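User: I would like to learn how to read a structure feature by feature, beginning with the fold and ending with single residues. Could you guide me through an example?

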Amino acid sequence: MAMAKINLTYNGEEKTLQTDDFNEKEKEIYAEAAMTERELNRYKYLVSVFTDRRNFLLETLVKSVEDDKEET
């Protein structure tokens, strides 16, 4: 039976770990690291969404102000 492996990057190096060899503490550490990675990806997504929204709103504001100046 093949042992479960995980590939990860640590300090810029690719590592492959055998999860079957994990003790309870290592399982907990890996679970928290995986959760942290998910939250980090969620955060990056939210930053991207809010950055795009801010840029859209600022563009809309600038165009509106410039259009108002042209009308007067």
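Analyst: What follows goes from the whole chain to single residues, and the model is a predicted one.

User: Which elements does the protein chain have, and in what order do they run from the N terminus on?

Analyst: The protein chain holds two strands and one helix, and from the N terminus on these elements run β-β-α. The radius of gyration is 23 Å, well over the 11 Å that the globule rule gives for 72 residues, so the chain is more spread out than a compact globule. Taken along the principal axes, the box filled by the C-alpha atoms is roughly 75 × 25 × 20 Å.

User: How much of the protein chain counts as buried, and what is the accessible surface made of?

Analyst: Buried is a term for residues under 20% relative accessible area, and 4% of the 72 residues fall in that class. The accessible surface of the protein chain comes to about 6800 Å², with 56% of that area belonging to carbon and sulfur atoms.

User: Where should I look for charge, and how far apart are the mean positions of the positive and negative charges?

Analyst: The protein chain has 11 positive and 17 negative charges, and their mean positions are 3 Å apart.

User: What is the phi of Asn11, and is Asn11 buried or exposed?

Analyst: The general idea is that most residues other than glycine have a negative phi. In this model, phi of Asn11 is near 50°, a positive value in a residue other than glycine. Asn11 lies in the loop between strand E1 (5-10) and strand E2 (13-18), and this residue is exposed, with a relative accessible area of 65%.

User: Returning to the helix, where does Tyr43 lie, and how far are the C-alpha atoms of Tyr43 and Leu61 separated?

Analyst: Tyr43 lies in helix H1, and the C-alpha atoms of Tyr43 and Leu61, which are 18 residues apart along the chain, are separated by 27 Å. For the side of accessibility, the cut-off to keep in mind is that exposed means over 50% relative accessible area, so Tyr43, at 54%, counts as exposed.

Conventions. Residues are numbered from 1 along each chain as its sequence is written. This is a predicted model: local features need pLDDT of at least 70, side-chain atom pairs count only at pLDDT 80 or more; totals for chains, interfaces and linings use all residues. Side-chain values use heavy atoms; hydrogens and water are left out. Helices (H or I, at least four residues) and strands (E, at least two) are DSSP runs, numbered from the N terminus. The radius of gyration is taken over C-alpha atoms; the globule rule is 2.2 Å times the number of residues to the power 0.38. Buried means under 20% relative accessible area, exposed over 50%, partly exposed in between (1.4 Å probe, protein chains only). Accessible areas come from the Shrake-Rupley method with a 1.4 Å probe; for residues, only the protein chains shown count as cover. Lys and Arg count as positive and Asp and Glu as negative; His and the chain ends are not counted. The place of a charge is taken as NZ of Lys, CZ of Arg, CG of Asp or CD of Glu.
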